[in-house]
Amino acid sequence: MEERKIPYKIYLTEDEMPRYWYNVRADMKHKPAPLLNPETYQPMTEEELGQVFCHELVRQELDMETPYFEIPEEIRNFYKMYRPSPLVRAYCLEEKLKTPAKIYYKFEGNNTSGSHKLNSAIAQAYYAKQQGLRGVTTETGAGQWGTALSMACAYLGLDCQVYMVKCSYEQKPFRREVMRTYGAHVTPSPSNTTSVGRKILAQFPGTSGSLGCAISEAVEAAASKEGYRYVLGSVLSQVLLHQTIIGLETQTALKKYDIHPDIIIGCAGGGSNLGGLIAPFAGEMLRGEANYQLIAVEPASCPSLTRGKYRYDYCDTGMICPLQKMYTLGNGFIPAASHSGGLRYHGMSSIVSQLYDDGLMEARSVEQTEVFAAAQEFAKCEGILPAPESSHAIRVAMDEAIRCRETGEEKTIVFGLTGTGYFDMVAYGKYNDGEMTDYIPTDAELQHGFDSIPKFPGNE
């Protein structure tokens, strides 16, 4: 098909929007290892998980065989407020880089929450409502997930309790206020409102917090409230399942114009955006139908894939959540305060970890100042101010496009633009004023985190 027939933005119709989420585990030859009970180290049962999560979400979490889950009509109708999202050709960025590569990005920022997080937030809130619950508790890093969940809960009439990582609570006050505007109660984490929060504060005085800390507090809060369950914005398989609507739409848009991507790139914190984007393409690879270069991009300050260990570890700092086999820096690792709060998690999704361990994808870590340099260049060319998290993918997409310029290869690059950065102006201000610094943990600092990984037979 001639390139001139490919529009600047590829939109799907409502009828072309996916009606099913895709469960990549059904096609994986090596299934992700099961979640383990933190006390017995035995696989978690449906009943045990149901004490923390909604029943339908537990079913989705445990199912490794069903390839597709139908999206309920109520959720599809909500999606139609901002989906299908566009797949955009970055013509201006290509011209700026003088590259023969073709660059596309899937833009997930066209909703009030400003990110892809709403795709799973509305699903999890819907199942909580169906179960007759009063409310939910959760954690949030940069605030995108908390914002999305507060919006979904407001829509469905549920109470929403959010534990926001302390450094982001202070750096991103406007995102905090959006959550409160939607009726959520927002608490900086670690806090004095939970026993695990008090314990963390005693152990790490003055800590800036982490997603692992906030998860611990949110789980404890849910367990102490009648009619509440905990919901998570990333990492878990149920979340990656909901986010596959990103990859499925991308796949459909590309096929609509007979475009074959060579490289697919996503930022990686807990794995929700990355897993959602790459899952359908990884499925093609697993079934032997196609081959792609899949790249996960993480911050050099929190390099769980590139420098972590593949072990069972607690999903939270307080060690009250199930253990998950994943690439981890250790539940005791507290990442340095950075402006990409959504990527400050010590571990990685079990699905993404297994795909990475099986060699189906690669991982790269990038430093913060290089990320913001790419974000600024992208904003100047494409007219969108990207979120710091998304800008990790932009950095590597630009690097690959520059490599194509040097080699003369005409590759097609697709990356996920997870959301906008209009609530991240403190971070952009630091960069523009030359006050932003890079931090790379030493081997000794990483070892301190590794020492917190539980030791039991088979986990050495």
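Is Met 319 buried, exposed or partly exposed? In this predicted model, Met 319 is partly exposed, with a relative accessible area of 37%. The residue sits in the loop between β12 (309-314) and β13 (323-328).

The chain as a whole was examined next. It holds 18 helices and 15 strands. Its radius of gyration is 20 Å, close to the 23 Å that the globule rule gives for 460 residues, so the chain is as compact as a globular protein of that length. Along the principal axes, the C-alpha atoms fill a box of roughly 60 × 50 × 45 Å. Of the 460 residues, 63% are buried. Contacts across the sequence were also counted. Among those between residues at least 6 apart in sequence, 77% join residues at least 24 apart.

The surface and the charges were then described. The chain exposes about 16900 Å². Carbon and sulfur atoms supply 48% of that area. There are 44 positive and 56 negative side chains. The centres of these two sets lie 3 Å apart.

In soluble globular proteins, nonpolar side chains tend to be buried together. The largest nonpolar core of this chain has 76 residues. Within that core, Trp 21, Ile 75, Tyr 79 and Leu 355 touch the most other members. Tyr 79 shows how such a residue is surrounded. Leaving aside neighbours within four places in sequence, Tyr 79 is in contact with Met 17, Trp 21, Ile 71, Asn 119, Ile 122, His 242 and Ile 245. A second, separate core has 34 residues. Phe 372, Leu 385, Ala 393 and Phe 415 are among them.

Two cis peptide bonds were noted. One joins Arg 83 and Pro 84, with omega about -5°. Pro 84 is placed in the loop between α3 (73-79) and β4 (87-89). Another joins Ser 189 and Pro 190, with omega about 5°. Pro 190 is placed in the loop between β8 (185-189) and α9 (195-203).

The loop between α11 (237-256) and β10 (263-267) contains Asp 258. Is Asp 258 buried or exposed? Its relative accessible area is 64%, so Asp 258 counts as exposed. The phi of Asp 258 is near 55°, a positive value in a residue other than glycine.

Asp 262 also has its place in the loop between α11 and β10. At 30% relative accessibility, Asp 262 counts as partly exposed. Which residues does Asp 262 contact, leaving aside its neighbours within four places in sequence? They are Tyr 292, Gln 293, Glu 410, Lys 411 and Thr 412. Ile 413 is 151 residues from Asp 262 along the chain, yet their C-alpha atoms are separated by 6.1 Å.

Why does Arg 395 count as buried? Its relative accessibility is 11%, and buried means under 20%. Beyond its neighbours within four places in sequence, Arg 395 is in contact with Val 366, Glu 370, Val 371, Ala 373 and Ala 374.

Definitions and conventions:
Residues are numbered from 1 along each chain as its sequence is written. This is a predicted model: local features need pLDDT of at least 70, side-chain atom pairs count only at pLDDT 80 or more; totals for chains, interfaces and linings use all residues. Side-chain values use heavy atoms; hydrogens and water are left out. A nonpolar core is a set of buried Ala, Val, Leu, Ile, Met, Phe, Trp, Tyr and Cys residues joined through side-chain atoms within 4.5 Å. Buried means under 20% relative accessible area, exposed over 50%, partly exposed in between (1.4 Å probe, protein chains only). Contact means heavy atoms within 4.5 Å. Helices (H or I, at least four residues) and strands (E, at least two) are DSSP runs, numbered from the N terminus. The radius of gyration is taken over C-alpha atoms; the globule rule is 2.2 Å times the number of residues to the power 0.38. Accessible areas come from the Shrake-Rupley method with a 1.4 Å probe; for residues, only the protein chains shown count as cover. Lys and Arg count as positive and Asp and Glu as negative; His and the chain ends are not counted. The place of a charge is taken as NZ of Lys, CZ of Arg, CG of Asp or CD of Glu.
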